[in-house]
Amino acid sequence: LAVAAMGAASPAAGLGGMARYLQVFVLVPAAVLVLLRGRADFRVLAWSFVGLALWQGAVGVHQYVTGTGASYQGETVRAVGTFGAQDVMGMATAVALGVVCATGLALGRTPSWQRAAAAGCAVVLLVPLAVSFSRGAWIATVLTCAVQLALAGLRRALKAGAAVVAAGVILVGGFGVGTAMLQERIDSITQVADAPDQSVVDRYTLWASAVGMWREQPLTGVGLKNFPEYRDGHATLALSSGSDIEGAGETYHKQALLSPHSMYLLVLSEQGLLGFCALVGSWLALLVCAVRALGRARRDGAGLDCALIACGLLLWQLVDYVYGDIGGPSTVLTGVALGLTAWWGLTERTAADTTRRDTLPGRVEEAVAR
């Protein structure tokens, strides 16, 4: 980060970008790592994710029903929650992370009423996630929940799959949730190559521009916050002037495209291989640690819900970063999610051993060992 900050267009931009990266990927995760003391704290934070998702989802569904959301295909129906039209991915991120946490809680071995409540929350949150019209959040959530189900066991996966299918039939067939716009948005996922819309064209163009920057400066990149400065020099004429912003309290205006909308390409273009290997390498290392701790949880029969949440949160982020990057208030959720994964993968076993030693059987066992 320091090397990339030195290559920024100005000291202010370099220090600001460096502070942002440190905040999201170092300071907030470290604070969560230090503050958590056990699985009970972990579950409280996970339920907080679910609660935030329910609140934002309720606001988003109200926007969709009343037509007071952000603009989408000429209609103000896109659910954005309290994040506004400037950050259309904010509510989708909050709701998707809530679905991941609720799914992990539902697949754990906590009391049955908690699992039932978590499963109900996960199903309810599918509605605001759908009307967010965020294809990247849909793809990341589906893949992450599928992996969580597979890690929880085949029998639970089959039961949960049957419940999701039943909920989909009720929502679509009974309540008519599947609107024409929603169906068109789903169909557009498979049309990114044959007949892409302008947003997809812009994204491809921005991706190509980021790759061009990296090829010029493969080791250190073009510097933090420098993507907008080099964008036009590498972009083709297919790139539009910006995205349309309207609704949810915003008057119509154009928002400039200042990032490649891919975290991996943003890091690669601005920080080069040095920054890419440092950041992505740290995320993959956390994922490996979390998966190893999940194996211990399955053998011991305790903390499976925490394991599924920790692995799911990081996996969702890794998949979503293919289509999105950091920006806006929702990035604080990214930092907290990384902190939960770090706690589970790095310190959960130590915390569990400490809790066991504090009990009478644990002290007896320790004395016998001595």
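1. The side chain of Thr93 places a polar atom 2.8 Å from the backbone oxygen of Met89. This falls under the definition of a polar contact (a pair of N or O atoms within 3.5 Å; within protein, one must be able to donate a hydrogen and the other to accept it, and residues adjacent in sequence count only if both atoms are side-chain atoms).

2. The model is predicted: local features need pLDDT of at least 70 and side-chain atom pairs count only at pLDDT 80 or more, whereas totals for chains, interfaces and linings use all residues. Residues are numbered from 1 along each chain as its sequence is written, and side-chain values use heavy atoms, with hydrogens and water left out.

3. Thr93 belongs to helix H4, residues 88–106; helices (H or I, at least four residues) and strands (E, at least two) are DSSP runs numbered from the N terminus. Thr93 counts as buried because its relative accessibility is 7%, buried meaning under 20% relative accessible area, exposed over 50% and partly exposed in between (1.4 Å probe, protein chains only). Apart from neighbours within four places in sequence, Thr93 is in contact with Trp316 and Ser330, where contact means heavy atoms within 4.5 Å.

4. H4 is largely enclosed by the rest of the structure, because 17 of its 19 residues are buried.

5. Ala79 lies in the loop between strand E2 (75–78) and H4. Its relative accessible area is 0%, so Ala79 is buried. Gly60 is 19 residues away from Ala79 in sequence, yet their C-alpha atoms are 4.2 Å apart. Leaving aside neighbours within four places in sequence, the contacts of Ala79 include Met91 and Val131.

6. Helix H6 (residues 135–152) packs against helix H12 (residues 304–320) at an angle of about 150°, with the axes 9 Å apart. Axes are lines fitted to C-alpha atoms, for helices over the stretch in contact, and angles run from 0 to 180 degrees between N-to-C directions. H6 and H12 are therefore roughly antiparallel (under 35 degrees is roughly parallel, over 145 roughly antiparallel, 65 to 115 roughly perpendicular and the rest oblique). Among the residues making the contact are Gly136 and Ala140 of H6 and Gly312 and Trp316 of H12.

7. Helix H11 (residues 263–300) and H12 pack at about 160°, their axes 10 Å apart, which makes H11 roughly antiparallel to H12. Residues meeting here include Trp283 and Leu287 in H11, and Leu308 and Cys311 in H12.
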